[in-house]
Amino acid sequence: SLFHLGGDEINLNAYRLDPTVSSSSLQTLRPLVQKFIDHVISIATAHSLKVIMWEEMVLDWNLTLTQQDVIIQTWRGSDDDALGTILKKGYKTLFGSNAHWYLDCGHGYFLDPEPSNPDSPIKPPYLDHCSPYKNWRHVYAYDPVADVPPSLRHLVIGGEVHLWSELTDSVNLDDQLWPRVAAAAEVMWSGPGKKPDESTTRRLADMRERLVMRGVRAGVVQMEWCL
């Protein structure tokens with residue numbers, strides 16, 4: 001059994017609102033976060049739960065994890081080499097690069113612009129923070145272990161496709177997920193490093209039609225007619 005502890009993108013400024021802390025300094029907050037993480041891990045371990053946490057706890061906060069079997073989930077893409085850095089520290093790791101497997105990217109920003117603020121990130125041409133859209137071929141071509149030495153690959157225990165919900169609801173959920181998660185699933189069960197070709201398109205298109213027949217509003221894989 002697994003327990004996800006979280007730990008990603010902590011807003012340091014939030015701690016300035018806590019009168020017992022009143023600081024956004026990483027150096028001030030690190031021992032407090034370390035104590036909290038240690039406490040939660042001890043509770044989870046006592047209940048025979050294996051802990052998962054996001055990469056920031058190791059890479060940004062530089063916490064000491066006494067339980068080496070903690071699973072670290074990475075999300076920052078190849079430019080940051082989060083996966084490789086975590087593996088070199090000896091942790092079991094889950095991959096899910098924001099440059100390849102973030103399905104919510106390419107749909108615009110979920111915040112409104114601030115015309116009076118020249119530093120507002122929401123400005124023409126109103127692109128989102130993780131564009132472009134990751135189409136199914138891009139998802140399929142992702143090779144998470146391309147730059148991982150063979151001696152460390154045994155620590156890569158799986159991956160996860162991410163769909164954050166700022167611009168996703170029950171109406172567009174199916175189209176956001178399918179067929180792209182099917183492409184990711186094939187990467188994980190048949191091995192990465194393959195490039196999409198016509199046979200890939202045919203398999204995925206067939207899968208899409210089976211989903212549609214069952215009432216799943218899956219996105220289109222390819223055009224149906226060419227005249």
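## Surface patch

Phe-110 lies in the loop between β4 (92-95) and α4 (136-141); helices (H or I, at least four residues) and strands (E, at least two) are DSSP runs, numbered from the N terminus. With a relative accessible area of 39%, Phe-110 is partly exposed, a class between buried (under 20%) and exposed (over 50%), assigned with a 1.4 Å probe and protein chains only.

## Basis of the model

This is a predicted model, in which local features need pLDDT of at least 70 and side-chain atom pairs count only at pLDDT 80 or more, while totals for chains, interfaces and linings use all residues. Residues are numbered from 1 along each chain as its sequence is written, and side-chain values use heavy atoms, with hydrogens and water left out.

The structure holds 1 cavity of 30 Å³ or more, and about 60 Å³ of space lies in the largest cavity. On a 1 Å grid over the protein atoms alone, a cavity is a set of points where a 1.4 Å probe fits but cannot get out; lining residues have an atom within 4 Å of a point. Grid points are joined across faces, edges and corners, and a volume is the space filled by probe spheres set on the points.

The lining divides into 4 nonpolar, 2 polar and 3 charged residues, where Ala, Val, Leu, Ile, Met, Phe, Trp, Tyr, Cys and Pro count as nonpolar, Asp, Glu, Lys and Arg as charged, and the others, Gly among them, as polar.

## Backbone features

A cis peptide bond joins Ser-131 to Pro-132, with omega about 10°; Pro-132 is in the loop between β4 and α4. Trp-178 and Pro-179 are likewise joined by a cis peptide bond, with omega about 10°, and Pro-179 is placed in the loop between α5 (173-177) and α6 (180-190).

Glu-9, a residue other than glycine, has a positive phi near 50°. Glu-9 lies in the loop between β1 (2-4) and α1 (26-46) and is exposed at 57% relative accessibility. Ser-48 also has a positive phi, of about 60°; Ser-48 is in the loop between α1 and β2 (50-54) and is exposed at 63%.

## Salt bridges

A search of the whole structure finds 6 salt bridges, each a side-chain nitrogen of Lys or Arg within 4 Å of a carboxyl oxygen of Asp or Glu. Arg-76 and Asp-60 form one at 3.2 Å, N to O. Arg-76 lies in the loop between β3 (71-73) and α3 (82-88) and Asp-60 in the loop between α2 (56-59) and β3, so the pair ties together parts 16 residues apart in sequence. Asp-60 is partly exposed at 35%, and Glu-55, Asp-60 and Arg-76 are linked in a salt-bridge network.

Arg-202 pairs with Glu-198, their closest N and O atoms being 2.8 Å apart. Both residues lie in helix α7 (residues 198-213), 4 residues apart, about one turn of the helix, and both are exposed. Arg-208 and Glu-209 form a salt bridge at 3.1 Å, N to O; Arg-208 is buried at 14%, whereas Glu-209 is partly exposed at 37%.

Key: On a 1 Å grid over the protein atoms alone, a cavity is a set of points where a 1.4 Å probe fits but cannot get out, and a pocket is an open set with protein on both sides within 12 Å along at least five of seven lines; lining residues have an atom within 4 Å of a point.
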